[in-house]
Amino acid sequence: TSGCNRDGLALRCVGEHLAKREEDIKILTLLSDGEPNAQGYSGEIAVEDLKQAKRELQRKGIQLFAAAIGDDRDSIEAIYGDSFLNISDLRIMPQKMAGLLMKYLR
């Protein structure tokens, strides 16, 4: 809806679904085209909400990978930290994703 997105809510909804699954390894991949932005949900409020959502997922045993494809890559990396996957060069994205997955599948 006109560029609005509440990423924290989406992460929590998918996280609830994943948490109920029986698999030992649970990985959630977020592909983002920009900073979170919705009415009343932007800036530091949204950043803190996303950091909290990441912590909640980790407590549930869910590994989050957040990849950015837009101009806001630096902001997305600042939000997700060690969960950030830079896919600015789509030609090497498969190798990067495979490398991250292998860390958690071994």
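## A tour of patch, bridges and cavity

Start by selecting Ile25, Met102, Tyr104 and Leu105: together they form a nonpolar patch on the surface, with about 340 Å² of accessible area. Patches are made of residues with over 30% relative accessible area and no salt bridge; like charges are joined within 9 Å and nonpolar side chains (Val, Leu, Ile, Met, Phe, Trp, Tyr) within 5 Å. The areas come from the Shrake-Rupley method with a 1.4 Å probe, and for residues only the protein chains shown count as cover.

Before you go on, note that this model is predicted: local features need pLDDT of at least 70, side-chain atom pairs count only at pLDDT 80 or more, and totals for chains, interfaces and linings use all residues. Residues are numbered from 1 along each chain as its sequence is written, and side-chain values use heavy atoms, leaving out hydrogens and water.

Now click on Met102, which lies in helix 4 (residues 93-105). Helices here are DSSP runs (H or I, at least four residues), numbered from the N terminus. Met102 counts as partly exposed because its relative accessibility is 38%; buried means under 20% relative accessible area, exposed over 50%, and partly exposed in between (1.4 Å probe, protein chains only).

Next, select Arg12. Between Arg12 and Asp49, the closest N and O atoms are 2.9 Å apart. Arg12 lies in helix 1 and Asp49 in helix 2, so this pair ties together parts that are 37 residues apart in sequence. Glu56 also meets Arg12 in a salt bridge (2.9 Å, N to O), and this pair links helix 2 with helix 1 across 44 residues. The whole structure has six salt bridges; for another one, select Arg21 and Glu23 (2.6 Å, N to O).

For the last stop, select Leu11, Arg12, Gly15, Glu16, Ala53, Glu56, Leu57 and Lys60, which line the largest cavity. On a 1 Å grid over the protein atoms alone, a cavity is a set of points where a 1.4 Å probe fits but cannot get out, and lining residues have an atom within 4 Å of a point. The space inside is about 40 Å³. Helix 1 (7-19) and helix 2 (43-59) each supply at least two lining residues, and helix 1 gives the most, with four.

How values were computed
1 Å grid on protein atoms, 1.4 Å probe; cavity = no way out; pocket = protein on both sides within 12 Å on 5 of 7 lines; lining within 4 Å. Points joined across faces, edges and corners; volume = space filled by probe spheres on them. Salt bridge = Lys/Arg side-chain N within 4 Å of Asp/Glu carboxyl O.
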